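Have the viewer open while you read.

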Amino acid sequence: MINQLNIKFQLSILSVIGAIAVLGVLPFAAIRYLQGSTAVAAVNVALVLGIISLVIYAHRSKKPRAASAIIAVFINGGVVVMAAMNGVNSFLWVYPVFAATFFLIRPIKAFCICIIAGVSLVVLTDILDVISLDSYVMTSVVLSLSALSYARHNEKQLRLLETLNTIDPLTGALNRRALTSDMEAALSNSERNGTEQLLAILDMDHFKVVNDKYGHAAGDKVLQEFVAIIRANIRKYDRLYRYGGEEFVLLIPKVNHQQQRILIENLRSSIKDKLKAPGGEEVTVSFGVAPWLPGSTVDAWLNRADEALYLAKANGRDRVVFSND
C-alpha cells in the first residue's frame with residue numbers, strides 16, 4: 001500500500017517538474033536563441049527534453065524512483081553547466097533546483113547531491129565575482145537544511161499513513177486493504193516467473209464461544225496470541241492479514257509443491273499446541289488453502305481458498321483442506 005502511495009506522490013512531483021521545465025525553462029531557451037546564445041539555448045532544450053522523456057517513462061512504467069534519481073542528478077548538473085555558460089542569470093536557478101531535489105529523492109541523498117552541486121558552482125563558475133562566498137554558503141545551507149527538514153517530516157508522515165492504512169490496530173497483522181494490493185503483486189510475479197505461491201484462509205474454530213464465555217477483551221487477547229504464534233512459525237517474507245473477525249489470510253510466496261502441505265500442517269499443529277483460551281482450553285484453526293494457478297484473479301484465488309475452508313469446517317474443523325484435493 002505504501003508503495004502505491006509513494007508511486008502516486010512521486011508521479012505527481014515528476015509531473016510538476018515536467019510542467020516547470022516546459023513553462024519555466026523552455027521560454028528562456030527561446031530568449032537565449034533570439035539573443036544569439038545558441039549554445040545556452042541548446043543546453044536548455046536538452047534539459048527540457050531529458051526531463052520530459054524521464055517523466056513520460058516514469059508514468060508509463062510506474063517506476064518513478066529511478067526516473068526521479070536521474071532527474072535529480074540531471075537538473076543539478078544542468079544548473080552547474082548553465083551557470084558556467086551564462087553566469088549569474090542562470091545561477092539563480094540553483095535555489096529552486098536544490099528545493100526540487102528534496103522532493104525527488106531521499107533527504108540524505110538529496111542533501112549530498114546539493115552539496116556536490118554547490119561546491120561545483122564555486123569551482124567551475126565565476127559566481128563569486130558577483131556574490132560573496134559567505135552569502136552564497138549561508139543561503140544555500142539554509143535552503144538545503146529547510147528542505148531536508150521538510151522532506152524528513154514528509155517521510156515520517158508517509159510511514160504513519162502506511163501504518164494507519166495497512167495495519168490492523170488490534171493484532172498488528174496487515175489488513176484487507178494491504179491484502180488486495182499484495183495479492184495483485186503476487187499474481188503478477190507468478191504470471192511472469194511461474195513462482196509457486198499459496199493463499200491460505202485461516203478461521204478459528206468456535207471462537208464465538210470464547211467471546212461469549214470470557215468476554216471480548218479476552219477474545220482480543222486470544223487473537224493477539226494467535227498472530228504472535230503464526231509469526232513465530234512462518235518465514236520473514238510470508239505475510240499475514242486480518243480478513244475480518246477471527247478470519248485471517250496467509251500469503252506464502254516461493255514455496256514448492258513438496259513443501260506446501262508440510263508447512264501448512266506444521267503451522268496448524270503449532271497453533272493447536274500453543275493457543276489457549278483463558279480457561280486453558282485449546283483453540284484450533286481450520287485452513288482453506290489454494291495454490292496459485294495460471295490465469296488466476298484476486299477474487300478467483302480467494303474464492304478457491306474460501307471453498308476449501310468451507311470443506312474444512314464441514315469435515316470436522318481443526319484440519320487443512322487444499323482446493324486441489
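What follows covers the cysteines, then the salt bridges.

## Cysteines

Keep in mind that this is a predicted model. How many disulfides does the structure hold? The count is zero. Take Cys-112: its closest cysteine sulfur belongs to Cys-114 and sits 9.3 Å away, too far for a bond, given that a disulfide needs the sulfurs within 2.5 Å.

Looking from the other end, Cys-114 is in no disulfide either, with the sulfur of Cys-112 as its nearest cysteine sulfur.

## Salt bridges across the sequence

The structure has ten salt bridges. One of them pairs Lys-213 with Glu-281, with 3.1 Å between the closest N and O atoms. Lys-213 lies in helix H9 and Glu-281 in the loop between helix H11 and strand E4, so the pair ties together parts 68 residues apart in sequence. Lys-213 is exposed at 56%, while Glu-281 is partly exposed at 30%.

Asp-318 and Arg-268 make another salt bridge, at 2.8 Å between the closest N and O atoms. Here the loop between helix H12 and strand E5 supplies Asp-318 and helix H11 supplies Arg-268, so parts 50 residues apart in sequence are tied together. Asp-318 is buried at 18%, and Arg-268 is buried at 14%. Shared partners join Glu-265, Arg-268, Lys-272 and Asp-318 into one network of salt bridges.

## Asp-238 and Arg-235

Asp-238 and Arg-235 also meet through their side chains in a salt bridge, 2.8 Å from N to O. Asp-238 is buried, with 7% relative accessibility, and Arg-235 is partly exposed, with 24%.

Technical notes: Residues numbered from 1 in each chain as written. Predicted model: local features only at pLDDT ≥ 70, side-chain atom pairs only at ≥ 80, totals over all residues. Heavy atoms only, no water. Salt bridge = Lys/Arg side-chain N within 4 Å of Asp/Glu carboxyl O. Helix = DSSP H or I, 4+ residues; strand = E, 2+ residues; numbered from the N terminus. Buried < 20%, exposed > 50% of the residue type's maximum accessible area, 1.4 Å probe, protein only.
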